[in-house]
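Hi,

Here is the structure I promised to pass on to you. Please open it and keep it beside this note while you read.

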Amino acid sequence: MVAIRALPKIWLDGQLVPWPEAKVHVLTHALHYGYAVFEGIRCHATPRGPAIFRLDEHLERFLNSAKIYRMRIPFRPEELRQACVDLVRANGLGTAYLRPIAFSGYGEMGLDPTKAPVQVAVAMWAWGAYLGEEGQRRGVRALVSSWTRVDSRMLPPQAKCAANYANSALAKMEAVAAGYDEAILLNSAGMVSEGPGENIFRVKHDVVSTPPASSGILRGVTRDTVIQFLADEGLVFRRNDFTREELFTSDEVFYTGTAAGITPIREVDGRPIGTGEYPITRRLQARYAAATEGRLAGRESWLTFA
Ligand code: PPE
């Protein structure tokens with residue numbers, strides 16, 4: 001893991017402030033109770049300047065996460081959008097990861113977060129391949145976790161809430177401690193749900209499938225992007241639940257996520273997946289790179305130039 005390198009600015013509560021000044025108090029409510037909703041967005045250098053990928057979809061999910069948690073964000077959607085654009089401009093970095101976060105701030109403690117003031121920040125930093133350059137190319141080794149994914153009766157997975165990531169961290173640490181790169185979580189019905197920070201797809205006999213929203217997943221923007229690509233590529237696609245053993249016998253398995261991009265999984269629980277070639281995953285990776293870098297005709301509307 002590479003330490004974050006400071007950039008000039010962070011947007012905090014309506015203003016661009018110098019990076020070292022974007023601080024909170026130790027009695028920040030969210031630090032104690034996990035009451036924060038966030039987003040992860042990527043920006044890519046293109047010949048027309050930095051392009052933020054599917055900004056509106058990410059902001060829509062951000063606002064939905066806040067709504068699920070009764071959190072009142074004291075900024076209008078256009079202001080949040082402008083904050084992201086202003087931040088990219090202020091930092092002069094074309095390829096970066098943006099992290100909007102809204103959280104219960106300093107001023108009140110106790111379990112009713114609606115009493116605490118809501119603070120909002122957008123930070124950005126340079127973030128390379130989430131599961132490593134080699135993992136992106138050669139595929140990663142995944143472990144099905146002994147931890148069950150949170151479900152909508154406990155912590156709604158469709159809200160990107162900080163608290164959900166305690167569950168993710170348990171799974172991630174378990175996988176890493178066992179010598180794997182990443183985890184795969186089953187839901188409380190025993191079906192495959194997602195990774196700690198990624199959605200998951202499988203390919204079998206040229207049919208591509210991914211668990212439905214009802215399996216208890218975050219509805220990934222990258223997942224949606226890939227689903228649209230499958231139609232473009234004329235591939236058969238289904239949203240359906242699948243089991244752990246169906247992963248073992250897949251021809252290809254891959255993760256999708258803003259941080260992870262499209263990452264092949266070459267092994268699940270010590271079983272090699274398919275032949276080790278990932279023809280469909282590779283096609284999707286190429287299309288995704290083209291879309292994010294502004295080289296895919298017909299998908300310009302996904303880009304917000306800063
Ligand atoms: N599921 C989970 C649980 C998840 O956290 C992510 C994103 C996804 C699916 C994919 O969603 P999308 O990015 O919209 O395609 N995880 C973010 C946080 C990663 C982190 O470690 O921090 C991300 O990829 O930005």
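**Around the ligand**

Of the 24 residues around the ligand, Y97, Y130, Y165, T222 and T258 come nearest; a residue counts as near if one of its heavy atoms lies within 4 Å of the molecule. Before we go on: this is a predicted model, where local features need pLDDT of at least 70 and side-chain atom pairs count only at pLDDT 80 or more, while totals for chains, interfaces and linings use all residues. Residues are numbered from 1 along each chain as its sequence is written, and side-chain values use heavy atoms, leaving out hydrogens and water.

For Y130, the distance is 2.5 Å. A polar side-chain atom of R99 lies 3.0 Å from an oxygen atom of the ligand, and one of K160 lies 3.1 Å from such an atom. The protein buries 94% of the 550 Å² that the ligand exposes when taken alone (Shrake-Rupley method, 1.4 Å probe).

Where does the ligand lie? It lies between domain 1 (9-125) and domain 2 (133-292), because both give residues to the shell around it; the bounds come from an automatic or database domain assignment.

Happy exploring!

Note on methods
Polar contact = N/O pair within 3.5 Å; in protein donor to acceptor, adjacent residues only side chain to side chain.
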